[in-house]
Amino acid sequence: MTDDRLTLYGSFTSSSSYKPMLFLSLSGLPFSFRTVNLKKGAQKEAAHLAINRYGQVPVLAHRGLLIVQSNVVLDYLARTTGRFEGRTEQDRWRAREWLSWENDAITNVAKVRHYSRFRQVDPAVMDYFRPLAEGALDFIDKALEGRDWLVGESCTIADIGCWGRMVFMAEGGMSMDGRPNLRNWATRLQAMAGFALPYDLIPKRDQEFSARTE
Ligand SMILES: N[C@@H](CCC(=O)N[C@@H](CS)C(=O)NCC(=O)O)C(=O)O
């Protein structure tokens with residue numbers, strides 16, 4: 001395996017892992033997937049902490065570099081492959097602006113899903129996070145009014161990053177109902193070659209992915 005091959009460390013239940021996986025799948029690029037068993041706490045073991053100080057997934061290894069934080073991974077992939085970049089310099093900055101907002105706002109969708117599915121919390125905690133999560137979905141719905149994509153005229157890392165973390169919304173009791181622009185955008189994403197939902201895309205075991213031939 002060459003240093004030039006992209007290697008992604010992630011987990012099949014992780015929206016943060018899904019984001020770069022989706023980028024790679026939509027791009028049809030070959031890559032290696034290495035599973036990190038979050039349930040067994042592999043992310044907190046020394047071997048993983050050596051590649052991700054935060055004890056989390058994802059991690060991208062490429063050409064001797066280690067890239068962590070899903071939105072930084074998306075930024076790296078867009079820069080190095082040229083895929084899903086904005087067309088103009090302003091668009092490229094705007095895409096990264098969306099990713100920064102995503103990390104503030106759509107994270108609340110991930111939290112509500114996490115507390116619904118993996119961990120019981122005091123109802124007051126949910127009362128705090130649910131309106132923030134619903135508000136983030138409303139914001140995206142409004143931003144997409146009259147447009148196909150968040151930035152410019154084509155899909156960028158802004159769309160992949162925002163969709164990628166909200167994808168599990170149903171597991172947190174949230175939905176696209178009453179959010180027509182969000183639903184149409186999701187439909188557009190799902191129509192793209194290489195698109196797959198997380199449980200269909202992220203393997204439970206290490207796997208080698210070949211380049212997609214159209
Ligand atoms: N801000 C980070 C968040 C990463 C994150 O929360 N990863 C979760 C899975 S989605 C994780 O590794 N959780 C295990 C843990 O924190 O112990 C990113 O975007 O990469």
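Predicted model: local features only at pLDDT ≥ 70, side-chain atom pairs only at ≥ 80, totals over all residues.
Reader: Which domains is the protein divided into?
Author: There is domain 1 (6-83 + 195-209) and domain 2 (89-190); the bounds come from an automatic or database domain assignment. The centres of the two domains, taken over C-alpha atoms, are separated by 20 Å.

Reader: How many residues does each domain give to the contact?
Author: Domain 1 gives twelve residues and domain 2 gives 14 residues. Two residues are in contact if their C-beta atoms, placed from the backbone, lie within 7 Å.

Reader: Which elements give two or more residues on the side of domain 1?
Author: These are H1 and H3, and H1 has the largest share with five residues. Helices (H or I, at least four residues) and strands (E, at least two) are DSSP runs, numbered from the N terminus.

Reader: And by class, what is on that side of domain 1?
Author: The side of domain 1 that touches domain 2 has eight nonpolar, two polar and two charged residues. Ala, Val, Leu, Ile, Met, Phe, Trp, Tyr, Cys and Pro count as nonpolar, Asp, Glu, Lys and Arg as charged, and the others, Gly among them, as polar.

Reader: How do H1 and H3 cross?
Author: Their axes come within 8 Å and cross at roughly 15 degrees. H1 is therefore roughly parallel to H3. Axes are lines fitted to C-alpha atoms, for helices over the stretch in contact, and angles run from 0 to 180 degrees between N-to-C directions. Angles under 35 degrees count as roughly parallel, over 145 as roughly antiparallel, 65 to 115 as roughly perpendicular and the rest as oblique.

Reader: Which residues of H1 and H3 meet?
Author: Ser16, Lys19, Pro20, Phe23 and Ser27 in H1 meet Ser70, Val73, Leu74, Leu77 and Thr81 in H3. By class, this contact has five nonpolar, four polar and one charged residue.

Reader: What about H3 and H4: at what angle do they cross?
Author: The axes of H3 and H4 cross at roughly 165 degrees and come within 10 Å, so these helices are roughly antiparallel to each other. On the H3 side the contact has Asn71, Leu74 and Asp75, and on the H4 side Arg96, Leu99, Glu102 and Asn103. Two of these residues are nonpolar, two polar and three charged.

Reader: How does H4 pack with H7?
Author: Helix H4 (residues 89-105) and helix H7 (residues 157-166) pack at an angle of about 15 degrees, and their axes are 8 Å apart. H4 and H7 are therefore roughly parallel. Ala95, Trp98, Leu99 and Glu102 of H4 make the contact with Ile157, Ala158, Gly161, Cys162 and Arg165 of H7. This contact has six nonpolar, one polar and two charged residues.

Reader: Changing topic, which residues surround the ligand?
Author: The ligand is surrounded by Ser14, Ser15, Ser16, Leu38, Gln43, Gly55, Gln56, Val57, Pro58, Gln69, Ser70 and Asn71. A residue is near a molecule or strand if its C-beta atom, placed from the backbone, lies within 6 Å of it. Helix H1 (15-27) and helix H3 (70-81) each supply at least two residues of this shell. By class, the shell has three nonpolar, nine polar and no charged residues.

Reader: Is the peptide bond from valine 57 to proline 58 cis or trans?
Author: That bond is cis, with omega near 10 degrees. Proline 58 lies in the loop between helix H2 (46-49) and strand E3 (59-62).

Reader: What is phi of arginine 63, and where is this residue?
Author: Phi of arginine 63 is near 50 degrees, a positive value in a residue other than glycine. Arginine 63 is in the loop between E3 and strand E4 (65-68).

Key:
Residues numbered from 1 in each chain as written.
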